[in-house]
Amino acid sequence: MSRNKWTSLEKPPLSMLALDVVESIGFELMTPVQAAAIPLLLSSKDVFAEAVTGSGKTLAFLVPLLEMLSRRPNKSPWTPKEIGAIIISPKRKLTLQISEVLQVFLTHGQLKHLRQKLIVGGGSIEEDIKSVQNKGPTISTNQSLYYKDLNWCVCSTM
């Protein structure tokens, strides 16, 4: 599969906001996994992708996620108590990498209204809960935790 420009996505196309962010970060072409996954995710389809490290999997789900979340303010702004997305990753290192890439996107002027909260094991779950309750992240990036801990955290924030 050849590498296409981000503007080549047609059904549905990316917004100028998403294109501006991707371009400002320096990504000119999509990887094959991105070209295959992004249209499906933007069409609300489930996607399972397996690809080698460095193939663009993180952007393949973050770009459509941010695209969908950024459409929300047109209807009604995000309130501090709403969570628009929860990203769960199996390993701490991968969770940190996803959070770092996400933060690069969220520093872009038009996405500053979105917030993330990184939650990984080893810290105080009480502090994580307080942070979520007080600051209300739009996106929560989490290392997979024991079910009872995750359940407690999610139930406590609703």
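Serine 89 sits in strand 1. Is serine 89 buried or exposed? Its relative accessibility is 2%, so serine 89 counts as buried; the cut-off for buried is under 20%. The side chain of serine 89 also has a partner: it makes a polar contact with the side chain of threonine 95, at 3.3 Å. Keep in mind throughout that this is a predicted model.

Now step back to the whole chain. The protein has 6 helices and 3 strands. Along the sequence they follow the pattern α-α-α-β-α-β-α-β-α. Of the 158 residues, 40% are buried. The protein exposes about 9600 Å², and carbon and sulfur atoms supply 57% of that area. Consider also how the chain meets itself. Take the contacts between residues at least 6 apart in sequence: 67% of them join residues at least 24 apart.

Next, look inside. The largest nonpolar core has 28 residues. Those with the most contacts inside this core are Trp6, Leu14, Val63, Leu66, Phe105, Leu111 and Ile139. Which elements each supply at least two residues of the core? They include helix 1 (16-25), helix 2 and helix 3. The largest share, 6 residues, comes from helix 3.

Find tryptophan 6 in this core. Leave out residues up to four places away in sequence, and tryptophan 6 still touches Leu14, Leu19, Val22, Phe27, Glu28, Leu29, Met30, Gln34, Ile38 and Val63. Two of these names, Gln34 and Ile38, return among the buried residues of helix 2.

So turn to helix 2, residues 32-42. How many of its 11 residues are buried? The count is 8, and the helix is mostly covered. The buried residues are Val33, Gln34, Ala35, Ala37, Ile38, Pro39, Leu41 and Leu42. They pack against helix 3, which spans 57-71. An α-helix has 3.6 residues a turn, so residues three or four places apart point the same way.

Follow the chain past the end of helix 2. Serine 44 comes just after it, in the loop between helix 2 and helix 3. Most residues other than glycine have a negative phi. Serine 44 is also exposed, because its relative accessibility is 62% and the cut-off for exposed is over 50%.

Go back to the start of the chain. Arginine 3 lies in the segment before helix 1. Its relative accessible area is 49%, so arginine 3 is partly exposed. Which residues does arginine 3 contact, leaving aside neighbours within four places in sequence? They are Leu29, Met30, Thr31 and Pro32. Arginine 3 and proline 32 are 29 residues apart along the chain, yet their C-alpha atoms are separated by 6.1 Å.

Ile83, Ile86 and Ile88 make a nonpolar patch of about 250 Å². Isoleucine 83 belongs to the loop between helix 3 and strand 1. With a relative accessible area of 34%, isoleucine 83 is partly exposed.

Technical notes. Residues are numbered from 1 along each chain as its sequence is written. This is a predicted model: local features need pLDDT of at least 70, side-chain atom pairs count only at pLDDT 80 or more; totals for chains, interfaces and linings use all residues. Side-chain values use heavy atoms; hydrogens and water are left out. Buried means under 20% relative accessible area, exposed over 50%, partly exposed in between (1.4 Å probe, protein chains only). Helices (H or I, at least four residues) and strands (E, at least two) are DSSP runs, numbered from the N terminus. Contact means heavy atoms within 4.5 Å. A nonpolar core is a set of buried Ala, Val, Leu, Ile, Met, Phe, Trp, Tyr and Cys residues joined through side-chain atoms within 4.5 Å. Patches are made of residues with over 30% relative accessible area and no salt bridge: like charges are joined within 9 Å, nonpolar side chains (Val, Leu, Ile, Met, Phe, Trp, Tyr) within 5 Å. Accessible areas come from the Shrake-Rupley method with a 1.4 Å probe; for residues, only the protein chains shown count as cover. A salt bridge is a side-chain nitrogen of Lys or Arg within 4 Å of a carboxyl oxygen of Asp or Glu. A polar contact is a pair of N or O atoms within 3.5 Å; within protein, one must be able to donate a hydrogen and the other to accept it, and residues adjacent in sequence count only if both atoms are side-chain atoms.
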